[in-house]
Amino acid sequence: MSNDKIILTIAGGTYHEVCLHPGNHQVYGSAGRAASALATFGVNVDLHTYADDVVSSVISDRAHFENFTLNVHSVRESVMFHYEHGLAEPRIFNYPDTPYPAITITAPYVLRYGMLEGSAVVDADYAVYDPQNVTNPESFAANGSKARHLALILNRYEARTLSGKSELSDRQQAEFLYNNGHAEVIIIKQGPAGALICDNGIISYVPAYETSSVHKIGSGDVFVANFAYEWMLNKKTAHEAANLASLTTAFYCESGLFPSCLGLAEFNPNPIKLSQKFIEGVTSPDIG
C-alpha cells in the first residue's frame, strides 16, 4: 500500500500558547502542531483531541485548509500555556480538576502524546509515544494501551522517572527500559547533544543541527511527529528517522515554520559540534 493511502492517527492535546516576548498567541499544543507539521508533508492525518469551543473552532478551520480530519472531545475550557519568553518554562492555566473520559483509538499507526485533560487508550500495530508530562509521566501501557511495535521518545527526566533509576546514564537508562520491555525503540533527547537511540538494544546517536536562531516552543513536538512519520510510515530505521526528525526540528527552530518536502531537501545545516568542556560535564537543557 502506498503512503498516500495510509492514515497516521494522532492523539494528544491542542492548547492555547501565549508568549509575551516576542508577543504571540497560537492555538497548537503537541497534537495540533504535529497534525499541521505532517499535513504540510502531505501525510493523511486523523487528529483526536480534547478542545473547548474556541480551540475547536480554530483547529477545525486549520483542518479544513490543511486537509486533515479532526475528532474533538469537548471540554469546558481548554488549557493555556503562558510563556514569559520563547525559552522560558511555561505556566499552565485551566488545568482540569478531574480528568475527562479517555479517548479510545484503534488504528494501524498511532502517534500518542500525553495530555493534561485525560488520556488516549491506544490499540495499534505501530505506535510512537511521548509522555509529555513534567511531573508524573506514565508508561505507555499504564492506561491499557497496546502496540505490536512501540517507540518511546523521552526527555531525561521522563527516562529517569519511568526507569526509577536516577543514577543511570542516558545510555543505561535506554538499555534498562528496553531490557524491561517498555518498547523496542527508546529515544532520549539530549538537547544540543542531539539524541540517543536504542533500537532493539543497539545504541546510536544523532546530532542536533546548527541554526541561526532558536524558535523553541513546540520543537519537541516537531521532532516526535517527524520521527513517527519516518519510522512508522516510511519504514526508516530508528536511527535514520531520528536524524531526519532532528533536521526537521532545526528547520522549525530556525524559521518557526513547518518544512515541506522540497524545503527540507534544500536545508543543509551543519551538525552541532560539542566542546570538550561541554562533553566533560556541562548539563544540557532538554529539547521539548
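**Exercise 1. Find which residue lies over the face of tyrosine 28, and how far from the ring centre.**

Step 1: Start with the test. A charge sits over a ring if NZ of Lys or CZ of Arg is within 6 Å of the ring centre and within 35 degrees of the ring normal.

Step 2: Look above tyrosine 28, and you meet arginine 62, at 4.1 Å from the ring centre.

Step 3: A word on what you're looking at. This is a predicted model, where local features need pLDDT of at least 70 and side-chain atom pairs count only at pLDDT 80 or more, while totals for chains, interfaces and linings use all residues. Residues are numbered from 1 along each chain as its sequence is written, and side-chain values use heavy atoms, with hydrogens and water left out.

**Exercise 2. Work out what tyrosine 28 and phenylalanine 258 form, and which parts the pair ties together.**

Step 1: Rings of Phe, Tyr and Trp (its six-membered ring) pair if their centres lie within 6.5 Å; planes under 30 degrees apart are stacked, over 60 edge-to-face, and the rest tilted. The structure holds 10 aromatic pairs.

Step 2: Tyrosine 28 and phenylalanine 258 form one of them, with 5.9 Å centre to centre and 90° between the planes, which is edge-to-face.

Step 3: Now place the two rings. Tyrosine 28 is in the loop between strand 3 and helix 1 (29-40), and phenylalanine 258 is in the loop between helix 6 (238-255) and helix 7 (261-265), so the pair ties together parts 230 residues apart in sequence. Helices (H or I, at least four residues) and strands (E, at least two) are DSSP runs, numbered from the N terminus.

Step 4: Check burial, where buried means under 20% relative accessible area, exposed over 50%, and partly exposed in between (1.4 Å probe, protein chains only). Tyrosine 28 comes out buried at 13%, and phenylalanine 258 is buried at 17%.

**Exercise 3. Describe the pair that tyrosine 126 and tryptophan 231 form.**

Step 1: These two rings are edge-to-face, 5.5 Å centre to centre, with 75° between the planes.

Step 2: Tyrosine 126 belongs to strand 9 (residues 120-130) and tryptophan 231 to helix 5 (residues 219-233), so parts 105 residues apart in sequence are tied together.

Step 3: Both tyrosine 126 and tryptophan 231 are buried.

Step 4: Lysine 235 lies over the face of tyrosine 126, at 3.7 Å from the ring centre.
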